[in-house]
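Please look over the following structure.

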Amino acid sequence: MSSKVRQEGASSDVEMGEPTSHQPEAEDTSMMDQDDEENEEAEDEYEEEEEPQRVKLLPGSTATAASFQFLDEGHTLGNALRYVIMKNPDVEFCAYAIPHPSEAKMNVRIQTFEGTTAIEALEKGLKDLQDLCDVVTEKWVAESEAFKASA
């Protein structure tokens, strides 16, 4: 298949040949052996879907005063996170809000004293909350097993 292209300032059309590709020829995949198919299936199993970003820094934030928006979160995380962050002596203020009940969003506002950033306070709060949940889980499992053993 050839096409004609008019060159700017030229009086006649220029004949163009078939486009060439530097890509390798496609292999016939119908003849793949069993090992290749098994390897591809195993790779597909281990591929994880990338989770969308669920926390974002809202505009107007500074280093020591920032607002964050959590997607698909509500009062359960908001109140617990606020409590844990307020335990940090470097935090001056922390609050959360659900902007509207029909939206699955939660906003957290953190203000810190000089010397630490709001992002550091959020990261510490999330880590501390995770550690707290791990302790509660361990104690609950231990007590549950002790109760089952006594019954």
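Buried residues make up 17% of the 151 residues in the protein. Buried means under 20% relative accessible area, exposed means over 50%, and partly exposed lies in between (1.4 Å probe, protein chains only). The model is predicted, so local features need pLDDT of at least 70 and side-chain atom pairs count only at pLDDT 80 or more, while totals for chains, interfaces and linings use all residues. Residues are numbered from 1 along each chain as its sequence is written, and side-chain values use heavy atoms, with hydrogens and water left out.

**Surface and fold**

The accessible surface of the protein is about 12300 Å². Carbon and sulfur atoms hold 51% of that surface. Accessible areas come from the Shrake-Rupley method with a 1.4 Å probe, and for residues only the protein chains shown count as cover.

The protein has three helices and six strands. Their order along the sequence is β-β-α-β-β-α-β-β-α. Helices (H or I, at least four residues) and strands (E, at least two) are DSSP runs, numbered from the N terminus.

Contacts link parts of the chain too. A contact means heavy atoms within 4.5 Å. Take the contacts between residues at least 6 apart in sequence: 44% of them join residues at least 24 apart.

**Salt bridges**

How many salt bridges does the structure hold? There are five. A salt bridge is a side-chain nitrogen of Lys or Arg within 4 Å of a carboxyl oxygen of Asp or Glu. The table lists three of them.

| Pair | N to O distance |
|---|---|
| R54 and E51 | 3.7 Å |
| E73 and R54 | 2.5 Å |
| E103 and K105 | 3.9 Å |

Start with E73 and R54, whose side chains meet in a salt bridge. E73 sits in the loop between β4 (65-71) and α2 (75-86), and R54 in the loop between α1 (34-46) and β3 (55-57), so this pair ties together parts that are 19 residues apart in sequence. E73 counts as partly exposed because its relative accessibility is 26%. R54 is also partly exposed, at 30%. E51 has a relative accessible area of 58%, so E51 is exposed.

Now the pair E103 and K105, joined by a salt bridge. E103 is partly exposed at 39% relative accessibility. K105 is partly exposed at 28%. Shared partners in salt bridges join E51, R54 and E73 into one network.

**Two polar contacts**

A polar contact is a pair of N or O atoms within 3.5 Å; within protein, one must be able to donate a hydrogen and the other to accept it, and residues adjacent in sequence count only if both atoms are side-chain atoms.

T112 belongs to strand β6 (residues 105-112). Is T112 buried or exposed? T112 counts as buried because its relative accessibility is 6%. Its side chain reaches the backbone oxygen of T116 at 2.8 Å. Beyond its neighbours within four places in sequence, T112 touches several residues, including T64, D90, V91 and E92.

S150 belongs to helix α3 (residues 118-150). At 59% relative accessibility, S150 is exposed. The side chain of S150 reaches the backbone oxygen of F147 at 2.8 Å.

**Cysteines**

The structure has zero disulfides. A disulfide is a pair of cysteine sulfur atoms within 2.5 Å. C94 is buried, with 6% relative accessibility. C133 is partly exposed, at 42%.
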